[in-house]
Amino acid sequence: MLPWAVYPDWDAIYADNVGRIYRLMFSKVGNRPDAEDLTSQVFTAALGPLRPGAEIGQVRAYLTTTARTVLAEHWRRTLGHQVTEIDPDILDLAEFPPGAGESEAGEAGAQAHRILEALPERYRQILTLRFLRGYTVRQAATELGVSVANAKVLQHRALRAAARVETAQDVRDEEANIGGEGEAK
């Protein structure tokens, strides 16, 4: 199809773009279920504003922009803050001392630092490469010297371990608050 040609209907828009959007999402999240969910979110979000009859180039650009937004929201929900691309030269978690910063960004950085520090080295490496340095699963696997499948499993286990660390910290914080309230009364 020529980039200035138009799509006749929604079916044509979907059929021509679903594979491209899915591959984009899969390359960013590294697992099939999330990539499928995010791909459907992109098309659902684009359903209202995007109209059949638009030029192919415009539709593709709009879907790519929508995909970026959906992906940013996914990482914000998953990690508690937006992580679409972070320059490691600008943000190095090793520079955040425990409890750093009064601002929301400083607190998020300190929280990420605490979680990463509580993880085994291999988990810390995969999460840093994937989410702080923006590596694809393939790039992270190469960097770590493992297969892509192994990197996916490692990432999955690291995320689960990070969630357990965060949950345990939340419980400790809540217990400390309850204890503090009881003493004040």
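A residue is called buried when its relative accessible area is under 20%, exposed when that area is over 50%, and partly exposed in between, with a 1.4 Å probe and protein chains only. The structure above is a predicted model, in which local features need pLDDT of at least 70 and side-chain atom pairs count only at pLDDT 80 or more, while totals for chains, interfaces and linings use all residues. Residues are numbered from 1 along each chain as its sequence is written, and side-chain values use heavy atoms, with hydrogens and water left out.

The protein chain has 185 residues, of which 31% count as buried. Its secondary structure comes to 7 helices and 0 strands, where helices (H or I, at least four residues) and strands (E, at least two) are DSSP runs numbered from the N terminus. Taking contact to mean heavy atoms within 4.5 Å, residues 24 or more positions apart account for 59% of the chain's contacts with a separation of 6 or more.

Two packed helices are described by the angle between their axes and the distance between the axes. Here the axes are lines fitted to C-alpha atoms, for helices over the stretch in contact, and angles run from 0 to 180 degrees between N-to-C directions. Helix α1 (residues 10-29) packs against helix α2 (residues 32-47) at an angle of about 140°, and their axes are 8 Å apart. The two helices α1 and α2 are therefore oblique to each other, given that angles under 35 degrees count as roughly parallel, over 145 as roughly antiparallel, 65 to 115 as roughly perpendicular and the rest as oblique. The crossing of α1 past α2 is right-handed, a crossing being left-handed if the near helix is turned anticlockwise from the far one by less than a right angle, and right-handed if clockwise. The residues that make the contact include W10, Y14, F26 and V29 of α1 together with R32, D34, L38 and L47 of α2. By class, the contact of α1 with α2 divides into 15 nonpolar, 2 polar and 3 charged residues, where Ala, Val, Leu, Ile, Met, Phe, Trp, Tyr, Cys and Pro count as nonpolar, Asp, Glu, Lys and Arg as charged, and the others, Gly among them, as polar.

H74, in helix α3 (residues 56-79), is buried with a relative accessible area of 8%. Leaving aside residues up to four places away in sequence, H74 touches V29, D34 and L38.

R122, Q125, I126, L129 and R130 in α5 meet V137, A140, E143 and L144 in α6, a contact with 5 nonpolar, 1 polar and 3 charged residues. Following α5 comes G134, whose phi is positive, near 75°.

Among the buried residues of α5 are Y123, I126, L127 and R130. F131, also found in α5, counts as buried at 6% relative accessibility. The C-alpha atoms of F131 and K28 are separated by 9.3 Å, although these residues lie 103 residues apart along the chain.

Finally, Q155 lies in helix α7 (residues 148-184) and counts as buried at 5% relative accessibility. Not counting residues up to four places away in sequence, Q155 touches V29, I126, L127, R130, F131 and V137.
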